[in-house]
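I opened this entry to keep a record of what I looked up, beginning with the chain as a whole and ending with the ligand.

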Amino acid sequence: MKIKAVKKRLSVQAVQKNVLEVSEDRYRRLFETAQDGILILAANTGKIKDVNPFLLNMLGYAKKDILEKKLWQIGAFKDAKASKKAFLELQTKEYVRYEDLPLETKDGHKIAVEFVSNVYLVDQKRVIQCNIRDITVRKEAEESIQRSLKEKEALLKELHHRVKNNLQIISGLLQLKLFNSKNKEVIDVFKQVQERIRVMALVHQKLCESKDFMSIDISEYINELVNELILAYGIDRKKIMVNVNVVKVLLKIDIAVPCGLIINELLTNSFKYAFPEDRKGEIAISLSSNRKGMLEILVSDNGIGFSKGFNIYKVKTMGLRIVIDTIQTQLGGKISFSSAGGTWFKLTFQS
Ligand SMILES: Nc1ncnc2c1ncn2[C@@H]1O[C@H](COP(=O)(O)OP(=O)(O)OP(=O)(O)O)[C@@H](O)[C@H]1O
Ligand SMILES: [Mg+2]
């Protein structure tokens, strides 16, 4: 009976030893073959107790150069002060992570690494495991993407700047022709073209000032456009109140320009026709998103309204044709209008 019990205990011990060996084996294999650098430090002293081949290869050191040294005594961790600080931090926090740490290989080559370390207990002793990943290639790729993004942004900015300048040059040429003309019809046509050029030039100016050179704050743009038109038409704001209410939303050029053109046409119409013979009145312009997430432009005045039987879809004049074509063809949206107690236009489209 006694012999049986001894045998049983021996076989349990053998199994336990075997389990330990298998586990040690697995750990070793992981440690030796890991494709990240691994350092094991004694938590109380900071001395390096083990280092895996991947890290030795990464830094160009032999194992004997590193074992039993403190982290900040190895040339790779050049910044001894920072390494000491990191070690102290680790002792208190038990987890430290540096996303981008500069290291130096034995032959003086600079590399960037991601450094993650944490503390745990082995045989009642605290050890620190540091995982070190070479991110030099990733960092270089990121820097190259950043550089190329900066170049593209600079190009876009330059492009918008030139388009704006060229539009202003065309406007200037028209102005020269305008001085020579006495024909009212010609003068009117030139002025209208100049206005439409201004709408586009202002978008490019706003794009130059924007963060990404791709989209503009439509609220800033519309407010500025309205102020320019008020000045150009010599509107006395005491007689004609102009209320602007535009949501602060970023829009791309292909939406911003059509919005500008539509508001330009409808607002100038209100200026020109709604309040004849010095009448007083109000104009309201708004741009907002509705419950379905569509954008909605509203332009209304409380002026004389359209003449009886006027059909906006049958007009031959350019202004309203531009509005209808822009909303239907360019923006794929809808237009509704009313002429009771003034004029009222609602344009709805997907942004
Ligand atoms: N807010 C308004 N109040 C009263 N009448 C208007 C209003 N808007 C437009 N109209 C009338 O509708 C007509 C057509 O407008 P539209 O903008 O198409 O042409 P226009 O202003 O005469 O010329 P263009 O805009 O091409 O310079 C105007 O001539 C005007 O009689
Ligand atoms: Mg018009």
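Among contacts in the protein chain between residues at least 6 apart in sequence, what percentage join residues at least 24 apart? I read off 57% for those contacts, and I note at the outset that this is a predicted model.

**Overall form.** I then looked up the secondary structure of the protein chain, which comes to 9 helices and 12 strands. The radius of gyration is 37 Å, well over the 20 Å that the globule rule gives for 351 residues, so I describe the chain as more spread out than a compact globule. Along its principal axes, the C-alpha trace spans about 120 × 55 × 35 Å. I also checked burial, and 24% of the 351 residues count as buried.

**The S1–S2 hairpin.** Next I turned to strand S1, residues 37–42, and strand S2, residues 48–51, which run antiparallel and are joined by 3 bridges. Within this pairing I found Leu41 opposite Ile48 of S2. The two strands form a hairpin with 5 residues between them, and in the turn Gly46 has a positive phi of about 85 degrees.

Glu68 has a phi near 70 degrees, a positive value in a residue other than glycine, and its place is in the loop between helix H3 (63–66) and helix H4 (80–93).

I located Glu277 in the loop between H8 and strand S9 (281–289). Is Glu277 buried or exposed? With 5 C-beta neighbours inside 10 Å, Glu277 counts as exposed.

**Around ligand 1.** Lastly I went through the shell around ligand 1, where I found 17 residues, the closest being Asn269, Thr317, Met318, Gly319 and Leu320. Helix H8 (253–274) and helix H9 (318–330) each supply at least two residues of this shell. Which element gives the most to the shell around ligand 1? I noted H8, with 5 residues.

Notes. Residues are numbered from 1 along each chain as its sequence is written. Chains are lettered from A and ligands numbered from 1 in the order in which they are written. This is a predicted model: local features need pLDDT of at least 70, side-chain atom pairs count only at pLDDT 80 or more; totals for chains, interfaces and linings use all residues. A residue is near a molecule or strand if its C-beta atom, placed from the backbone, lies within 6 Å of it. Helices (H or I, at least four residues) and strands (E, at least two) are DSSP runs, numbered from the N terminus. Two strands pair if DSSP finds at least two bridges between them. The radius of gyration is taken over C-alpha atoms; the globule rule is 2.2 Å times the number of residues to the power 0.38. A residue is buried if 20 or more other C-beta atoms lie within 10 Å of its own, exposed if 12 or fewer, and partly exposed in between; C-beta atoms are placed from the backbone. Two residues are in contact if their C-beta atoms, placed from the backbone, lie within 7 Å.
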